[in-house]
Amino acid sequence: MSSHPTLRVLMTPDYRVDNPYQALLAKSLQSQGVEVLFPTGYRRLLPIFRAVKTNSDKIDVLHLHWLTPYLKGKNSLTKLVYSIKLLIDILLTKSADVRVVWTIHNRISHDSQFPFIELWTHRILLKLVDQIIVHHSSALADIAQTYKINNINAEIIPHGHYREVYNSLIDPITARKALGLPLSGRVYLNLGMLRPYKGIERLLQVWGENKELLQENTLLIAGKPLSQAYSQKLSEQTSNLERVFLHADFVEDSQIHLFFSAADLVVLPFERILTSGSLILAMSYGKPIIAPRTSGISETLCTADWLLYDPEDNQGLLSALKQSTQTDLNILSQLVNKACDRIDWVNIGKQTQKVYQAMLIS
């Protein structure tokens, strides 16, 4: 156990530029007396261990998040080498009397080219770390099944909201005019990185096949595409669809409120997901959400689950879209806000600080 009074945590990798999650978590921890540090500089060899050892003060806890930057490789051999390097990095870090906690955000990397290697790495890492954190209880069974392990012992700490991170909502008509959208009908929004696992192509297909049902409404898809090829694919799919707008570009933080102000609902037709920042962002703006009824999404939305659909039902997304046209969105929005109230950062900071303390005295 550390002899100094301040609990110091190294949080890695540093994704604060792309996602405010870590900055919000760090702020909530600092209010609990925890000093949170992030690695600086580029270290190709053993980046985690060297970041721990070169810090001027003793690091008590390594809080590991996404593994993507540590599992590089364009072919299986390189990927395997990087995986082994990561595991050695963690072993050396533990040898320096540092406790390791891992928040599992994804089963494996989205669009992974070598899932078997990543699963192998994750299974070993599960045995090395001192504690695991997941964002909802149903993730435990999901991870156990994915990693083919019998039991998993983890702390459940929700993903906090993004309220007060971005600009507040403005008048919907003003926002629609600013974005060049129709002023009548409902606007259905899908905002975030445009990637195949998010089911956008399926959404466009369903929308296009049911023009009469949705002809008074607008579909707005916005975000940076995974690649130029995927952007072209979506452009071709939307080219013949009326009242479908594709904004295939990165949405600046200062503009995010415009898209949510213009929208009446958010559509997130994921093909697979463990934790979704897009879901949390939509909740932070109090928007009703259409999404597959996975256990994690249901648990996060609580009673605001009116527009969730069975992901195994080929007509599920269409049914949810139909239902949305007859739903009182004001009441549903109130339920979304109540669900969002439950994921405030004060409690998350307290819970996470307790996890750190428990590891240090064990």
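Predicted model: local features only at pLDDT ≥ 70, side-chain atom pairs only at ≥ 80, totals over all residues.

Trainee: How many helices and strands does the protein have?

Mentor: Helices (H or I, at least four residues) and strands (E, at least two) are DSSP runs, numbered from the N terminus. The protein has 15 helices and 12 strands.

Trainee: What is the radius of gyration of the protein, and what does the globule rule give?

Mentor: The radius of gyration is taken over C-alpha atoms, and the globule rule is 2.2 Å times the number of residues to the power 0.38. For 362 residues the rule gives 21 Å, and the protein has 22 Å, so it is as compact as a globular protein of that length. Its C-alpha atoms fill a box of roughly 65 × 45 × 40 Å along the principal axes.

Trainee: What share of the residues is buried?

Mentor: A residue is buried under 20% relative accessible area, exposed over 50% and partly exposed in between, with a 1.4 Å probe and protein chains only. Here buried residues make up 52% of the 362. As for contacts, meaning heavy atoms within 4.5 Å, 76% of those with a separation of 6 or more join residues 24 or more positions apart.

Trainee: How does one describe two packed helices?

Mentor: They are described by the angle between their axes and the distance between the axes. Axes are lines fitted to C-alpha atoms, for helices over the stretch in contact, and angles run from 0 to 180 degrees between N-to-C directions. Angles under 35 degrees count as roughly parallel, over 145 as roughly antiparallel, 65 to 115 as roughly perpendicular and the rest as oblique.

Trainee: At what angle do helices H1 and H15 cross?

Mentor: The axes of H1 (residues 21-30) and H15 (residues 345-361) cross at roughly 75° and come within 8 Å. H1 is therefore roughly perpendicular to H15. On the H1 side the contact is made by Tyr-21, Leu-24, Leu-25, Ser-28 and Leu-29, and on the H15 side by Trp-345, Ile-348, Gly-349, Thr-352, Gln-353 and Tyr-356. These residues divide into 7 nonpolar, 4 polar and no charged. Here Ala, Val, Leu, Ile, Met, Phe, Trp, Tyr, Cys and Pro count as nonpolar, Asp, Glu, Lys and Arg as charged, and the others, Gly among them, as polar.

Trainee: How many residues of H1 are buried, and what covers them?

Mentor: In H1, 7 of the 10 residues are buried, so the helix is largely enclosed by the rest of the structure. The cover includes strands E1 (7-12), E2 (34-37), E3 and E4 (99-103), together with H15.

Trainee: Are helices H7 and H9 roughly parallel or roughly antiparallel?

Mentor: The axes of H7 (residues 200-209) and H9 come within 10 Å and cross at roughly 10°. The two helices are therefore roughly parallel to each other. Ile-200, Glu-201, Leu-204 and Gln-205 in H7 meet Tyr-230, Lys-233, Leu-234, Gln-237 and Thr-238 in H9. By class, this contact has 4 nonpolar, 3 polar and 2 charged residues.

Trainee: Is His-63 buried or exposed?

Mentor: His-63, in strand E3 (residues 61-64), is buried, with a relative accessible area of 1%. A polar contact is a pair of N or O atoms within 3.5 Å; within protein, one must be able to donate a hydrogen and the other to accept it, and residues adjacent in sequence count only if both atoms are side-chain atoms. The side chain of His-63 makes such a contact with the side chain of Thr-103, at 2.7 Å.

Trainee: Which peptide bond is cis?

Mentor: Most residues other than glycine have a negative phi, and most peptide bonds are trans. A cis peptide bond joins Thr-12 and Pro-13, with omega about -5°. Pro-13 lies in the loop between E1 and H1. Asp-97, which is not a glycine, has a positive phi of about 65°.

Methods: Residues numbered from 1 in each chain as written. Heavy atoms only, no water.
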